[in-house]
Amino acid sequence: MSATSPSPASPALPVLHADCSNCFALCCVALPFAKSNDFAVNKAAGTPCKNLQQDFRCSVHTRLRDKGFQGCTVFDCFGAGQQVSQVTFGGRDWRAHPGTAASMYEVFPVMRQLHELLFYVTEALALPAAAPVHADLRLARTETAQWTSADADALTTLDVGALRGRINTLLLRASELARAKAPARKRNHRGADLMGARLAGADLRGANFRGAYLIAADLSGADLRLADLIGADFRDADLRGADLRDAVFLTQAQLNAARGDAATKIPATLARPAHWSA
């Protein structure tokens, strides 16, 4: 446990999926976005999106893709939004309490990183093959969970990059242990530019795709079991008929960014995106 951790207690793990009904639309206000294929307009950090209503709900939520806001459909705060809104700031929203706004917007990206780390650590702890690092992962999870309950001042001084670096070492080891169980040749595509790559039907079991660019790649029918997909960019990737059942560190946001169908096999813990074909 880090000496700078805010509390020696072992707090309960915060919820790691978004609950927009208990968030003050922080992703719609705190974060910037640029006009592109993902967003229809430019928006500065700290400025409410034009689609944001007074009740903190999105006026085009059910039509985001049609309205040019595909980027919103693939963003995941991992539950950081409600944690900042209801825990860090005790339910005081930035509209009724404008003095909280600047601090809230500064804390939100930090909290999102903490929740993302907790998600990956929890995923690693579910990998039986990663048992040799489970003890260290549990310590890392406790420390990170402590930070999620810290106050705003403490969170803004946290060196979250250093924390990510330490935890990433454990995640890498967990990945190596899990992927070693794959029977196929374990291809290393870490950080690779595979935009538009033709990988249809490929045996990619145990491959390393950490941080790889798989934008518009053809992965239809590919076997991605036990492949490390942490940080892989799946925007418009073709996953029709692909097998991702035991993929390592796969997130809902990655599935939401891709194209799939009823034949795509996904982990039981994730949901089939509504825009995928039947």
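Modeller: Accessible areas here come from the Shrake-Rupley method with a 1.4 Å probe. On that basis the accessible surface of the protein chain is about 13000 Å², and 51% of this belongs to carbon and sulfur atoms. Please note that the model is predicted.

Biologist: What makes the protein chain as compact as a globular protein of its length?

Modeller: The protein chain has eight helices and zero strands. The globule rule gives 19 Å for 278 residues, and the radius of gyration of the protein chain is 19 Å, close to that value, so the chain is as compact as a globular protein of that length. Along the principal axes, the C-alpha trace spans about 55 × 45 × 30 Å. Of contacts between residues at least 6 apart in sequence, 45% join residues at least 24 apart.

Biologist: Why is Phe-78 called buried?

Modeller: Buried means under 20% relative accessible area. Phe-78 has a relative accessible area of 4%, therefore it is buried. Phe-78 lies in the loop between helix 2 (70-73) and helix 3 (80-88). Its phi is near 55°, a positive value in a residue other than glycine. Leu-226 also is not a glycine and has a positive phi, of about 60°; Leu-226 is found in the loop between helix 7 (160-179) and helix 8 (252-257).

Biologist: How do you know that Thr-88 counts as buried?

Modeller: The cut-off is again under 20%. Thr-88 has a relative accessible area of 15%, so Thr-88 is buried. Thr-88 lies in helix 3 and touches, among others, Val-107, Met-111, Ala-150 and Leu-155. By contrast, the C-alpha atoms of Thr-88 and Asp-38 are separated by 30 Å, and these residues are 50 apart along the chain.

Biologist: What makes helix 3 mostly covered?

Modeller: Seven of the nine residues of helix 3 are buried. They are Ala-80, Gly-81, Gln-82, Gln-83, Val-84, Ser-85 and Thr-88. The buried residues of helix 3 pack against helix 1, helix 4, helix 5 and helix 6. Just after helix 3, Gly-90 takes a positive phi of about 55°. For the protein chain, 49% of the 278 residues count as buried.

Biologist: What makes a set of residues a nonpolar core, and which residues have the most contacts inside the largest one?

Modeller: The members must be buried residues of the listed nonpolar kinds, joined through side-chain atoms within 4.5 Å. The largest such core has 51 residues, and those with the most contacts inside it are Leu-26, Trp-94, Leu-114 and Leu-171. Helix 1 (26-29), helix 3, helix 4 (101-125), helix 5 (134-148), helix 6 (152-157) and helix 7 each give two or more residues to this core. Helix 4 supplies the largest share, 14 residues. A second, separate core of 28 residues includes Leu-194, Ala-197, Ala-242 and Leu-270. In soluble globular proteins, nonpolar side chains tend to be buried together.

Biologist: Which residues does Leu-26 touch, when those up to four places away in sequence are not counted?

Modeller: Contact means heavy atoms within 4.5 Å. Leu-26 touches Leu-31, Gly-81, Val-84, Ser-85, Trp-94, Met-104, Tyr-105 and Phe-108.

Biologist: How many positive and negative side chains are there, and how far apart do the centres of the two sets lie?

Modeller: There are 31 positive and 26 negative side chains in the protein chain, with the centres of the two sets 4 Å apart. In this count Lys and Arg are positive and Asp and Glu negative.

Conventions:
Residues are numbered from 1 along each chain as its sequence is written. This is a predicted model: local features need pLDDT of at least 70, side-chain atom pairs count only at pLDDT 80 or more; totals for chains, interfaces and linings use all residues. Side-chain values use heavy atoms; hydrogens and water are left out. Helices (H or I, at least four residues) and strands (E, at least two) are DSSP runs, numbered from the N terminus. Buried means under 20% relative accessible area, exposed over 50%, partly exposed in between (1.4 Å probe, protein chains only). The radius of gyration is taken over C-alpha atoms; the globule rule is 2.2 Å times the number of residues to the power 0.38. The place of a charge is taken as NZ of Lys, CZ of Arg, CG of Asp or CD of Glu.
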